[in-house]
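Open the model in your viewer and keep the selection panel at hand. The tour below goes stop by stop.

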Amino acid sequence: MKKIFIKAIRAYQKGISPLFPPTCRYYPTCSSYAIEAIDRHGALKGTLMGIARILRCHPLVKGGFDPVPKKFTLKRNQQK
């Protein structure tokens, strides 16, 4: 299941994402974050983390460096 989700995100990165200007407020990008979260935490938890990250990515947030945390959480990683 993990491989299917990761392949879908990679297809988005190669096929759809280049059609739009870069607007991600975080590093790593939301799609890269989702891939790493799925790889580290599994298909269900990783997908939830990716969705939570996408919902946090809007013009009212500062953004910045936000790596995938070692423990599952839907909140922004507060480690510096």
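Predicted model: local features only at pLDDT ≥ 70, side-chain atom pairs only at ≥ 80, totals over all residues.

Residues are numbered from 1 along each chain as its sequence is written, and side-chain values use heavy atoms, with hydrogens and water left out.

**Stop 1: the cysteines**

Now colour by accessibility. Buried means under 20% relative accessible area, exposed over 50%, and partly exposed in between (1.4 Å probe, protein chains only). Cysteine 24 is partly exposed at 33%, and cysteine 57 is partly exposed at 24%.

**Stop 2: a cis peptide bond**

Go to tyrosine 27 and proline 28. The peptide bond from tyrosine 27 to proline 28 is cis, with omega near 0°. As background, most peptide bonds are trans. Proline 28 sits in the loop between β1 (26-27) and α2. Helices (H or I, at least four residues) and strands (E, at least two) are DSSP runs, numbered from the N terminus.

**Stop 3: α1 against α2**

Select residues 2-15 for α1 and 30-41 for α2. Their axes come within 10 Å and cross at roughly 170°. Axes are lines fitted to C-alpha atoms, for helices over the stretch in contact, and angles run from 0 to 180 degrees between N-to-C directions. The two helices are therefore roughly antiparallel, a label for angles over 145 degrees.

Show the side chains between them. Contact means heavy atoms within 4.5 Å. From α1, the contacting residues include Phe5, Ile6, Ile9 and Tyr12. From α2, they include Ser31, Ala34, Ile35 and Ile38.

**Stop 4: the core**

Select Ile6, Ile9, Ala34, Ile35 and Ile38: these five residues form the largest nonpolar core. Such a core is a set of buried Ala, Val, Leu, Ile, Met, Phe, Trp, Tyr and Cys residues joined through side-chain atoms within 4.5 Å. α1 and α2 each supply at least two of its residues. α2 gives the most, with three.

Zoom in on isoleucine 9, in α1. Is isoleucine 9 buried or exposed? Buried, at 17% relative accessible area. Leaving aside neighbours within four places in sequence, isoleucine 9 is in contact with Ser31, Ala34, Ile35 and Ile38.

Next, alanine 34. With the neighbours within four places in sequence left aside, alanine 34 is in contact with Ile9, Gly46 and Gly50.

Then pick serine 31, in α2. Serine 31 is buried at 16%. Not counting residues up to four places away in sequence, serine 31 touches Ile9, Tyr12 and Gln13.

**Stop 5: methionine 49**

Finish in helix α3 (residues 43-56), where methionine 49 lies. Methionine 49 is buried, at 0% relative accessible area. What does methionine 49 touch, not counting residues up to four places away in sequence? Tyr33, Ala37, His41, Val68, Pro69, Phe72, Thr73 and Leu74. Last, draw a C-alpha to C-alpha distance from methionine 49 to lysine 75: 8.4 Å in space, 26 residues apart in sequence.

Notes
Parallel < 35°, antiparallel > 145°, perpendicular 65-115°, else oblique.
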